[in-house]
Amino acid sequence: MNYDVAVIGGGPAGMMAAGRAGERKARVLLIEKNDALGKKLLVTGKGRCNITQNEFEGKDLADKFGKEGRFLLYALSVLGPEQVIEFFENLKLKTKTERGGRVFPKSDKAEDVLQVLRCYLIKNKVNILVNKKVKKIIKEGNRITSLLMENGEKITADKYVLSTGGKSYPLLGSTGDGFIWAKNLGHTIIKPEPSLTPIKIQEKWPKEAQGLTLKNVRLTIYENCKKRDSRFGELLFTHFGISGPIVLDISKTVGRFLKLRKEIKLSLDLKPALDSETLDKRIQKDFIKFNKKLFKNSLNDLLPQKLIDIVVKLSGIDKNKQVNAIAKEDRRKLVRLLKNLEMTPTELFGFNKAIITAGGVSLKEIDAKTMKSKIIENLYFAGEIINLDGPTGGYNLQLCWSTGYVAGENVY
């Protein structure tokens, strides 16, 4: 059968593109090489699926994707966060907004998001092909003529959508096939890089705190003593270093400096809400309260248990010193440490730990209003395959929904 539209890749962008094209009465085939749709979607937001970001101003939202983000302005005007929430609510998926504007399904289950998308596909009569891998995309001139499958079959369509994702989470099928096909079709590929990754730290003390999550802390990058980037929010200590939302968001900048072999430091402010003077007064109050205790037993009101031994050791103050014997200079030293807990990043994790892929098909070769290729006349793109990536917090799924919808809207 000759389809009107063949969509390659059954992730969030592919499902949205296929569903929208089907809604417009196109005969659609959705091809997924895994044995089920949306495998990566199921692990997003730690299995809760942060479907979008509750930031309704299109320009501000686009700016979160960096200097190339303006490419998204039209797609966000068609299907922005408000419309995404409405889209899912219309499919009977209730949503909720949490701290930081993160929007989740009320059930906290990514499976529920995937289920309503499957229903959307079925309702719009999309033919779904799973466990089938495209081997080659065949073209004549500037048109795709067919898809050659690994089993030797050929699939033909009038239009094609590439929504194969990037290279992050390779165990879930994101192996970068789409980049190869797009390049073979004549497109420029901006080198794919892992993005939103944990950071390995040279110092050993983070391992002692592994499993500890800190909220409302600030992480700052310094290069040659100059502040280069900063994030406020949640951080997680691990056996190799640090992770968590603010670490993932800052990792791209860290990676850029590491590649340039620049000397950089990460500074963790454990009490960003307090300036040094206010923090010093707070510590003085604690020292009065615990004046007969040893220093190592005096920080329970100030720090999580897992951090106390670490901070005591790094402060250089005798842990067995009685609090009422601690000199002013030692107390000030403690303040400086709490405001500037220094770490040395050594490397980022690769695609196996990266949440998304930076790089991809050059935006210069894609029409922002249709997601149509400017090189192949019957090819469209959607999702992570294009050269755009945003921070954590639902931005990258919003990219998939918006570009997928626009592609599906215009492909038929």
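Tutor: Asp 280 has its place in helix 9 (residues 276–289). Here helices (H or I, at least four residues) and strands (E, at least two) are DSSP runs, numbered from the N terminus. The model is predicted, so that local features need pLDDT of at least 70 and side-chain atom pairs count only at pLDDT 80 or more, while totals for chains, interfaces and linings use all residues. Residues are numbered from 1 along each chain as its sequence is written, and side-chain values use heavy atoms, with hydrogens and water left out.

Asp 280 is buried, since its relative accessible area is 5%; buried means under 20%, exposed over 50%, and partly exposed in between (1.4 Å probe, protein chains only). Leaving aside neighbours within four places in sequence, Asp 280 is in contact with Arg 331, Arg 332 and Val 335, where contact means heavy atoms within 4.5 Å.

Helix 5 shows burial along an element. Helix 5 (residues 110–123) has 14 residues and reaches 20 Å from its first C-alpha to its last, close to the 20 Å expected at 1.5 Å a residue. The expected span is 1.5 Å times one less than the number of residues. In helix 5, Ala 110, Val 113, Leu 114, Val 116, Leu 117, Tyr 120 and Leu 121 are buried. They cover an arc of only 165° around the axis, and therefore lie on the same side of helix 5; the arc is that of the directions from the helix axis to the C-beta atoms. On the other side of helix 5, Ile 122 and Lys 123 are exposed. The buried residues of helix 5 pack against several elements, including helix 4 and strand 5.

Two strands pair if DSSP finds at least two bridges between them; strand 4 and strand 5 (residues 102–105) are joined by four bridges. Lys 96 has Phe 104 of strand 5 as its bridge partner.

Lys 94 sits in the loop between helix 4 (81–90) and strand 4 (95–98). Lys 94 is exposed, because its relative accessible area is 51%. Apart from neighbours within four places in sequence, the contacts of Lys 94 are Glu 89, Phe 104, Pro 105 and Lys 106.
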